[in-house]
Amino acid sequence: MANGNASSKPIPKAMTIAGSDSGGGAGIQADLKTFQELGVFGTSAITALTAQNTLGVQGVYPIPLDAIGQQIDSVLSDIGADAVKTGMLFSADIIALVADKLKRYGPMPVVVDPVMIAKGGAPLLQAEAVEALRRELLPIAAVLTPNVPEACAILGIDRIDDVDGMIEAARRLHALGPKRVFLKGGHLDGDEAVDVLFDGTEAALFRSPRIRTKHTHGTGCTTASAIAAGLAKGLPADEAVAEAKRFITAAIGAALPIGGGIGPTNHAALRLQAAPVRP
Ligand SMILES: Nc1ncnc2c1ncn2[C@@H]1O[C@H](COP(=O)(O)OP(=O)(O)O)[C@@H](O)[C@H]1O
Ligand SMILES: Cc1ncc(COP(=O)(O)O)c(N)n1
C-alpha cells in the first residue's frame, strides 16, 4: 500500500534549529534537503535570516526570541522529533532559549553543530556567545560536530595540525559534556579528509579521499543533518556518522558550480549514484 496509511511504519522525524541561507547551500535549506534525501520528515525553527549567496553573507537578521520559541513549541508540542540538529544560533540569548526548550521537550538526541563563521569569513555567532555554547548546549549534545577552527575556539587553543591533534582536541571537547564528539578535518591538508569520532573511550577515524574542489558551501550543515537523520532512524551513532560521511563525500564529489563563488554541495548525489537517471 501507499505510504501514510494506518498500518505503515511511522516516518522518522528530524528537526533543524538553524539560520536560513537564501543561497540554498547551507543552513535550514541544506538541512531539510538532507533530511528528505535520507528518508526523514524534516521540520524547522529559523533562528536568523541571512541574505547570502556563493560570494558571501550580505546581511544577518536574528529572529525575535519569542518567534524562535514559538516555532519550537509549535513543532515539538504536536509533531515531535526523533532527533534535533542545531546550527547557526547567533547569540547567547538564542542559545539559552534553545537549550531550555530542548531540555523541556527532551530527551531526544541532539546534534550540535557549533556554527561560528561562514566559509567567506562572516561571523554567524557573536564572539561573546561561545561561553553560552560551552555551558548550555555542549552538555546536552548527543553528538557535537565542530570543524577545526570551531574546536580551537571552544577550547581556546591556537591550532590543531594533524590527526593526533584532532584526537587530543576531541578528548578535551568530550570533557565539556557532549556524549560524542565528531571533529571534522576538512580544514586540514592532505590527500585524505579525515574526521575523528570520540565517544569517551575510543577514537574512530572516518576517512575519504580529499576532493579537489572549492565548492564546499554547506558541508558542515549537511554532515550534521545527515548524522541527525541517522539518529532519527534509530541508527547507532557510529553508523549514523558512517552514513553521513558517505553522504557528504558524494555531495562534495558532485558539488554544483552555481554562482560566482563557493558553490553548494549536491544533496542528491548519493541517491543518484544508487539509481542513476538514464536518458
Ligand atoms: N575537499 C574535501 N574532500 C572530501 N571531503 C571533505 C572535503 N572538505 C570537507 N570534507 C568533509 O566534509 C565534512 C565537513 O567538514 P568540514 O569542511 O571540516 O566542516 P565545515 O563545513 O563545518 O567547515 C567532513 O566529513 C570533511 O572531512
Ligand atoms: C545560515 C548558515 N548556517 C551555517 C552556515 C555555515 O556553512 P558551512 O556548513 O559551509 O560551514 C552558513 N554559511 N549559513
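## Helix α8 and the sheet

Helix α8 (residues 237-253) lies across β6 (143-144), β7, β8 and β9, and runs at about 15 degrees to β9. Helices (H or I, at least four residues) and strands (E, at least two) are DSSP runs, numbered from the N terminus. Axes are lines fitted to C-alpha atoms, for helices over the stretch in contact, and angles run from 0 to 180 degrees between N-to-C directions. The model is predicted: local features need pLDDT of at least 70 and side-chain atom pairs count only at pLDDT 80 or more, while totals for chains, interfaces and linings use all residues. Residues are numbered from 1 along each chain as its sequence is written, and chains are lettered from A and ligands numbered from 1 in the order in which they are written.

The sheet is open and is formed by 9 strands in the order β3-β2-β1-β4-β5-β6-β7-β8-β9, with mixed pairing. Two strands pair if DSSP finds at least two bridges between them. At the edges are β3 (56-62) and β9 (203-209), each of which pairs on one side only. Helix α2 (residues 65-78) also packs on the sheet, where it touches β1 and β2, and its direction makes about 155 degrees with that of β2. Contact here means that the C-beta atoms of two residues, placed from the backbone, lie within 7 Å.

## Strand β7 and its partners

Strands β6 and β7 run parallel and are joined by 2 bridges; Val143 has Arg180 in β7 as its bridge partner. On the β8 side, strand β7 (residues 180-183) pairs with strand β8 (residues 192-198) in the antiparallel sense over 3 bridges. Val181 has Phe198 as its bridge partner in β8, and Leu183 has Val196.

Arg180 and Phe182 point one way from β7, Val181 and Leu183 point the other way, and all are buried. A residue is buried if 20 or more other C-beta atoms lie within 10 Å of its own, exposed if 12 or fewer, and partly exposed in between, with C-beta atoms placed from the backbone.

## Nonpolar core

The largest nonpolar core has 79 residues, and those with the most contacts inside it are Ala14, Val111, Ala141, Ile227 and Ala228. Such a core is a set of buried Ala, Val, Leu, Ile, Met, Phe, Trp, Tyr and Cys residues joined through C-beta atoms within 7 Å. With neighbours within four places in sequence left aside, Ala141 is in contact with Val110, Val112, Pro178 and Lys179.

## Ligand shells

Around ligand 1 there are 18 residues, of which Asn147, Lys184, Gly186, Ala193 and Gly220 come nearest. A residue counts as near a molecule or strand if its C-beta atom, placed from the backbone, lies within 6 Å of it. At least two residues of this shell come from each of β8, α7 and α8, and α8 gives the largest share, 4 residues. The shell of ligand 1 divides into 4 nonpolar, 10 polar and 4 charged residues. In this division Ala, Val, Leu, Ile, Met, Phe, Trp, Tyr, Cys and Pro count as nonpolar, Asp, Glu, Lys and Arg as charged, and the others, Gly among them, as polar.

The shell around ligand 2 has 18 residues, and Gly19, Ala26, Gly27, Ala118 and Gly220 come nearest. The elements giving two or more residues to it are β1 (13-21), β2 and α7 (219-232). The shell around ligand 2 is made up of 7 nonpolar, 9 polar and 2 charged residues.

Thr50 is in strand β2 (residues 41-53). Thr50 counts as buried because 23 other C-beta atoms lie within 10 Å. Residues up to four places away in sequence aside, Thr50 touches Gly19, Ser20, Asp21, Ser22, Gly27, Val57, Gly59 and Val60. Thr50 and Leu124 are 74 residues apart along the chain, and their C-alpha atoms are separated by 9.2 Å.

Leu55 sits in the loop between β2 and β3. Leu55 counts as exposed because it has 12 other C-beta atoms within 10 Å. Beyond residues up to four places away in sequence, Leu55 touches Gly259, Gly260 and Gly261. The C-alpha atoms of Leu55 and Ser91, 36 residues apart along the chain, are separated by 24 Å.

## Backbone details

The peptide bond from Gly106 to Pro107 is cis, with omega near 5 degrees. Pro107 belongs to the loop between α3 (92-105) and β5 (110-112).

Phe90 is in the loop between β4 (83-86) and α3. Phi of Phe90 is near 65 degrees, a positive value in a residue other than glycine. Phe90 is buried, with 22 other C-beta atoms within 10 Å.
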